[in-house]
Amino acid sequence: MSAAPARVVLVGPAHPYKGGGARHTTELAHRLHGLGHPTAVESWRAQYPSALYPGVQTVEAPEGEPYPGTRRGLAWYRPDGWWRTGRRLAREADLVVLTLFSPVQVPAYLGILAGLRSARSRPPRTVALCHNVLPHERRAVDVSLVRALLRRVDGVLTHSPEQASLAEGLRPAGADRPAVAEMPPHLPDTGGAAAPPPGERRHLLFLGIVRPYKGVDVLLRALAAGAPADVTLTVAGEFWGGTGEAAALAERLGIADRVRLRDGYVPAEELPGLYASADAVVLPYRTATASQNVWLAHEHGLPVIATRAGTLAGHVREGVDGLLCEPGDVDGLARTLREFYAPGEPERLRAGVRPVDAEPYWREYTGRLLEA
């Protein structure tokens, strides 16, 4: 399919939805169009019930260049619209890509697949593009839903060999093996890095949605156990369930005066200031699939302290532009924080930071997708 132009439809979030998922869908559409493939995006006017996503789902200002061929007609509460969309795509597409972030999307995707296959003409090829095959914090029904989806699509693309193995276990016997392509950079447009003041800030930054698998509790315990007493921390992002648990832990550990909990989505224009205030970004994840946070920190000139969870370690040149430790290890992270603040070490690691070159990643990614 990659040899000749294919009419591609991406089904997934786009602006005004926020975050990496919407940026990825949009950037992928631009890239495919640039390769000569007529591309459209089928996005949502209502993706999740508010009860299942307690944060703010949309933003007013786009975090990158919107894709002009975007429709926003899907709604979680309109199953008839799912089927009709599938019927239409059967006429309009050669390849339909269903971007999977959460099992909550699966019923809509099954409705689209039913509409595709109800058409009299030969249906287009279908690929599930799995950002997460299964959630980090999963329920029993999640496995059943994702299995139902992966058994009905022609191909699957994942972002790591581990995710591919998980997907393969949910596919029917004899099905094509899931393809693997590393998640390419799709960073928000922040207006560029802010010039940091000279010297050390004695300050660390965690940025992103705060959920148990992200390990913020491990970071707080490590800060109390290992970082120099004058080092402070900002945790910025939407707290899943509020800041109460993290605030109480910081209080018990005796570091409440060293920790700022900034609850709420961080707009792109505020990121340069946050990065400029810190010596490093810390990513204490217990588990991970694919993350943009290492690249985003490097784009703003910051070294990264991360665990070896998922693909994080592959983005950090240990001892050059960051330091690594094992997931879930409080003592290990505490030692790493002490190593980072050895005399001259923050400045040495900062000097090793280079922005990522996105082009090779995207060439590989679009090729794998079109072949999946």
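Let me begin with the conventions. The model is predicted, so local features require a pLDDT of at least 70 and side-chain atom pairs count only at pLDDT 80 or more, while totals for chains, interfaces and linings use all residues. Residues are numbered from 1 along each chain as its sequence is written, and side-chain values use heavy atoms, with hydrogens and water left out.

I turn to the chain as a whole. Its secondary structure comes to 12 helices and 13 strands; these are DSSP runs, H or I of at least four residues for helices and E of at least two for strands, numbered from the N terminus. The C-alpha trace spans about 70 × 40 × 40 Å along its principal axes. The radius of gyration is 21 Å, which agrees with the value near 21 Å that a compact globule of 372 residues would have. That radius is taken over C-alpha atoms, and the globule rule is 2.2 Å times the number of residues to the power 0.38.

On burial, 54% of the 372 residues count as buried. Here buried means under 20% relative accessible area, exposed means over 50%, and partly exposed lies in between, with a 1.4 Å probe and protein chains only. The chain exposes about 15,600 Å², of which carbon and sulfur atoms supply 52%; accessible areas come from the Shrake-Rupley method with a 1.4 Å probe, and for residues only the protein chains shown count as cover.

Contacts, defined as heavy atoms within 4.5 Å, can be sorted by sequence separation. Among those with a separation of 6 or more, 75% are between residues 24 or more positions apart.

As for charge, there are 42 positive and 40 negative side chains, and the centres of the two sets lie 8 Å apart. Lys and Arg count as positive and Asp and Glu as negative, without His or the chain ends; the place of a charge is NZ of Lys, CZ of Arg, CG of Asp or CD of Glu.

Next, the interior. In soluble globular proteins, nonpolar side chains tend to be buried together. The largest has 52 residues, and Leu204, Leu207, Tyr275 and Leu333 have the most contacts inside it. Helix α6, residues 216-226, gives the most to this core, with 6 residues. A second, separate core of 32 residues includes Val11, Leu89, Ala119 and Leu170.

What do the buried residues of α6 pack against? Their partners are β8, β9 (232-237), α7 (244-253), β10 (259-263), β11 (280-283) and α10 (330-340). The buried residues themselves are Val216, Val218, Leu219, Leu220, Ala222, Leu223 and Gly226. Leaving aside residues up to four places away in sequence, Leu333 touches Val218, Leu219 and Ala222, together with Val282, Pro284, Ile305 and Cys325.

Val210 sits in the loop between β8 and α6 and is buried, at 11% relative accessibility. Beyond residues up to four places away in sequence, Val210 touches Val216, Val235, Glu238, Phe239 and Trp240.

Most residues other than glycine have a negative phi, and most peptide bonds are trans. A cis peptide bond joins His15 and Pro16, with omega about 20°. Both residues belong to the loop between β1 and α1. His15 counts as buried at 19% relative accessibility, and its contacts outside four places in sequence include Ala22, Thr26, Val59 and Arg72.

Arg202 has a positive phi, near 55°. Arg202 is in the loop between β7 and β8 and is partly exposed, with a relative accessible area of 22%. Arg201 lies in the loop between β7 (179-180) and β8 (203-207) but is buried, at 17%. Apart from neighbours within four places in sequence, Arg201 is in contact with Pro196, Ala276, Ser277, Ala278, Asp279, Glu347 and Arg350.

Finally, how accessible is Thr366, buried or exposed? Thr366 is buried, at 3% relative accessibility, and is placed in helix α12, residues 358-371.

Definitions and conventions:
Core = buried A, V, L, I, M, F, W, Y, C linked by side-chain atoms within 4.5 Å.
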